[in-house]
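Student: I would like to learn how to read helix packing and pockets. Where do we start?

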Amino acid sequence: MKVRKFAAIDIGSNAIRLLTHNVIEDKGKRTQFRKSALVRVPVRLGEDSFTVGEISEVNEARLIKTMKAFKLLMEVAGVEKYRACATSAMREANNGNEIIQKISQESGIQIDLIDGKQEAAIIASTDLKNLITNDQSYLYIDVGGGSTEFTLFSQGKIQVSKSFKLGTVRLLNNMVKPETWNKLEEWIKLILKDKPKLSIIGSGGNINKLHKLSGRKEGEPLSYIWLNAQYHFLDSLSYDDRISELGLNPDRADVIIPATKIFLSAAKWSGAKKIHVPKIGLSDGIIKDLYNSETK
């Protein structure tokens, strides 16, 4: 048996994550991927990028320090291979490429700027397939700070995927026009018109936190009715109360409401009654993709 270490860095619009996995290779057996550690740093790059068009000096400094720390953590953990991906906030920042070069020079970490379609494809390489049955259709929704990726799985395969500039940080800053919501509604209804049996699969920190708040067991889906009631409950609380009474982190207590609205809207337009929350996302997909690319 051989235990290898792989890591993924996800530079999102609301936070930056370092995920490390133990990859267990045992002759004659299926390779296992087990989470070893997750470090999350709440650097909200999207607040800069989506409002003023560039990353501020303060957040640039925080981002560089975070990357230096991640590099050291990976060295200490014995990570043999990693990939760092940045999504919409860095893509849309005028100084995004300049900061990526600085990070490379100062920390040695190379960052790939990926678009929505690449993001959806990476996520699809996770254990998502274990959830999916051939007789049902699934709308996979990955809610981020800057954008949300929607992927339709039907007959066990990806049929179509699309990224919408509909993220939690954008919504908090009132940067989403009604037309964006209208386009999403039209698109969902169009792709699902012949798909009566449909469930949603949700990913991202907010839906994971909602699942935890629900008290449901791992693997047990959320219902549309519960999610709708929870949305109104959360919205009735002040920001401070969400932190003090529900124990939400300060950088989660505000974005959880727009995230819930995105899931609720998609469920309403698709007719889905259940939302599965498998606790997988971009970071998990990066690690699977890294490993699979070397064993092809």
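Tutor: With angle classes. Angles under 35 degrees count as roughly parallel, over 145 as roughly antiparallel, 65 to 115 as roughly perpendicular and the rest as oblique. Keep in mind that this is a predicted model.

Student: At what angle do helix 7 and helix 12 pack?

Tutor: Helix 7 (residues 178-191) packs against helix 12 at about 40°, and their axes are 9 Å apart. Helix 7 and helix 12 are therefore oblique to each other. Their crossing is right-handed.

Student: And how do helix 9 and helix 12 pack?

Tutor: Helix 9 (residues 224-236) and helix 12 (residues 256-270) meet at an angle of about 150°, with axes 10 Å apart. That pair is therefore roughly antiparallel. The crossing of helix 9 and helix 12 is left-handed.

Student: Now pockets. What is the general idea?

Tutor: A probe the size of a water molecule, rolled over the atoms, shows where empty space is left. Here the largest pocket has a volume of about 880 Å³.

Student: Which residues lie nearest the centre of the largest pocket?

Tutor: Arg17, Gly204, Gly205, Asn208 and Arg252, out of 39 lining residues. Elements giving two or more residues to this lining are strand 2 (16-25), strand 3 (32-41), strand 6 (137-143), helix 8 (205-214) and helix 13 (282-295). Helix 8 gives the largest share, six residues.

Student: How does the lining of the largest pocket divide into nonpolar, polar and charged residues?

Tutor: Six are nonpolar, 18 polar and 15 charged.

Student: Which domains does the lining of the largest pocket draw on?

Tutor: Domain 1 (2-116 + 282-295) and domain 2 (128-276) each supply at least three residues to the lining.

Definitions and conventions:
Residues numbered from 1 in each chain as written. Predicted model: local features only at pLDDT ≥ 70, side-chain atom pairs only at ≥ 80, totals over all residues. Heavy atoms only, no water. 1 Å grid on protein atoms, 1.4 Å probe; cavity = no way out; pocket = protein on both sides within 12 Å on 5 of 7 lines; lining within 4 Å. Points joined across faces, edges and corners; volume = space filled by probe spheres on them. Helix = DSSP H or I, 4+ residues; strand = E, 2+ residues; numbered from the N terminus. Nonpolar A, V, L, I, M, F, W, Y, C, P; charged D, E, K, R; others polar. Domains from an automatic or database assignment. Axes fitted to C-alpha atoms, helices over the stretch in contact; angles between N-to-C directions. Left-handed = near helix turned anticlockwise from the far one by under 90°.
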